[in-house]
Amino acid sequence: MQYKNFPMVPRVIFGRGSFNQIQEILTPKRVNTKAPFIFLVDDVFENNPWLIDRIPLRFLDQIIFVSAEEEPKTSQVDALVAELKSRFTENPSGIIGIGGGTLLDMAKAVAIMLTNEGSAADYQGWDLVSNEAVYHVGIPTISGTGAEVSRTTVLTGPEKKLGINSDFTPFDQVVLDPELTRGVPQNQWFYTGMDCYIHCIESLTGTYLNAFSQSYGEKALELCRNVFLEKNVRDEDSEDKLMMASWHGGMSIAYSQVGVAHAMSYGLSYLLGTKHGIGNCIVFNHLEEFYPQGVSEFKKMVRKHDIDIPKGVCKDLSDKELDKMIDIALMLVPLWENALGKNWQEIITREKLKAMYQKM
């Protein structure tokens with residue numbers, strides 16, 4: 001039996017206000033004055049001095065604002081890498097991603113592609129990266145994706161939506177400051193939190209389940225239930241707990257996998273540009289056949305927080321468009337195997353997937 005020897009994030013700091021320690025964290029990692037730190041920041045913070053004024057810029061350091069309106073693309077990563085290589089004579093001392101899953105995935109991908117030839121699209125898949133990435137730091141400003149701890153960076157390429165899954169992908173340092181999540185709108189807070197909840201359900205009911213994944217997944221699920229079912233207010237305690245749920249949920253996938261909701265939401269994202277959290281919610285809302293208890297509980301959370309889950313997003317799609325979504329979903333073999341076992345293709349046919357998408 002061969003076991004995967006997975007890397008984990010080697011350094012993490014947790015606590016309200018821990019973002020203020022970013023300078024002391026980064027200073028020892030500066031290569032020289034010509035190798036800048038590049039801060040990739042969600043452009044929602046562009047006019048927010050409470051966060052921006054605390055980013056310590058020295059020498060050639062730069063903030064680059066990136067829109068998170070769309071899921072990250074391989075073409076975006078390639079353009080950023082080309083821009084950095086043309087602007088500076090040396091590779092950056094580090095790439096720091098500040099934002100949600102889109103910005104964290106972008107930071108991981110840029111750090112990888114600064115030291116690996118070709119396009120980011122060439123590395124979509126499992127264990128295709130040869131060279132160690134530039135030092136990279138993840139600072140989440142919303143909780144739920146698990147991107148801060150995962151060994152993948154999910155990108156939409158010219159042919160598929162798939163992660164760069166590699167031992168060089170995880171961050172070298174993560175800063176978990178729950179204060180940074182305080183301004184997240186209610187719907188977005190819920191959709192991204194549900195990404196974590198759905199991670200847990202898919203991991204804990206999957207055929208890949210083992211004690212490693214189970215221990216993290218059960219803790220994340222307990223924290224999600226506390227935040228979204230038991231508590232009646234969204235307070236500092238909720239922010240702290242949801243940030244740790246996201247961490248544990250991401251860890252639960254390391255030795256496991258996600259399942260049906262993630263596989264199908266990749267299709268929605270590729271074709272329609274649906275963002276990951278809301279895409280998972282749209283799909284999971286219709287998956288009673290696969291996750292009866294999880295979907296029932298999910299619907300209770302939706303009612304409790306008065307959240308709108310979009311309906312009819314696939315009703316006007318052509319057969320050609322539906323076929324493309326099905327192609328994308330079926331590429332994700334490990335997800336289907338985890339959900340349904342080695343014989344998953346006997347259960348999930350193209351016709352069944354088409355009928356499922358048409359319900360959404």
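Six strands make up an open sheet, in the order β1-β9-β6-β4-β2-β3, and their pairing is parallel. Two strands are said to pair if DSSP finds at least two bridges between them. Helices (H or I, at least four residues) and strands (E, at least two) are DSSP runs, numbered from the N terminus. Please keep in mind that this is a predicted model, where local features need pLDDT of at least 70, side-chain atom pairs count only at pLDDT 80 or more, and totals for chains, interfaces and linings use all residues. Residues are numbered from 1 along each chain as its sequence is written, and side-chain values use heavy atoms, with hydrogens and water left out.

- Strand β2 (residues 37-42) runs parallel to strand β4 (residues 94-99), and five bridges join them.
- For Val 41, the bridge partner in β4 is Ile 98.

**Helices on that sheet**

- Helix α4 (residues 101-113) lies across β2, β3, β4 and β6 (136-140), and runs at about 170 degrees to β4.
- Axes here are lines fitted to C-alpha atoms, for helices over the stretch in contact, and angles run from 0 to 180 degrees between N-to-C directions.
- Helix α7 (residues 236-252) also packs on the sheet, where it touches β1, β6 and β9 (173-176); the direction of α7 makes about 155 degrees with that of β9.
- Glu 239 belongs to helix α7 and is buried, with a relative accessible area of 13%.
- Buried means under 20% relative accessible area, exposed over 50%, and partly exposed in between (1.4 Å probe, protein chains only).
- Not counting residues up to four places away in sequence, Glu 239 touches Arg 16, Pro 178, Thr 181 and Arg 182, where contact means heavy atoms within 4.5 Å.

**The three-stranded sheet**

- Another open sheet has three strands in the order β5-β8-β7, with mixed pairing.
- β5 (125-126) and β7 (154-156) stand at the edges with a single partner strand each, so one side of each is left without a neighbour in the sheet.
- Two bridges pair β5 with β8 in the parallel sense, and Gly 125 stands opposite Ile 164 in β8.

**An enclosed helix**

- Helix α9 (residues 276-284) is largely enclosed by the rest of the structure, because eight of its nine residues are buried.
- Among the buried residues of α9 are His 276, Cys 281, Ile 282 and Phe 284.
- The cover over these buried residues includes β8 (161-165), α5 (186-204), α8 (260-272) and α10 (292-304).

**A helix pair**

- α8 packs with helix α12 (residues 333-340) at an angle of about 150 degrees, and their axes are 8 Å apart.
- The two helices are therefore roughly antiparallel to each other, a term for angles over 145 degrees.
- Val 260, His 262, Ala 263 and Met 264 in α8 meet Leu 335, Trp 336 and Ala 339 in α12.

**Two loop residues with positive phi**

- Phe 59 is not a glycine, yet has a positive phi of about 50 degrees; Phe 59 lies in the loop between α2 (49-52) and β3 and, at 48% relative accessibility, counts as partly exposed.
- Asp 306, not a glycine either, has a positive phi of about 50 degrees; Asp 306 lies in the loop between α10 and α11 (319-330) and counts as exposed at 69% relative accessibility.

Note on methods:
Parallel < 35°, antiparallel > 145°, perpendicular 65-115°, else oblique.
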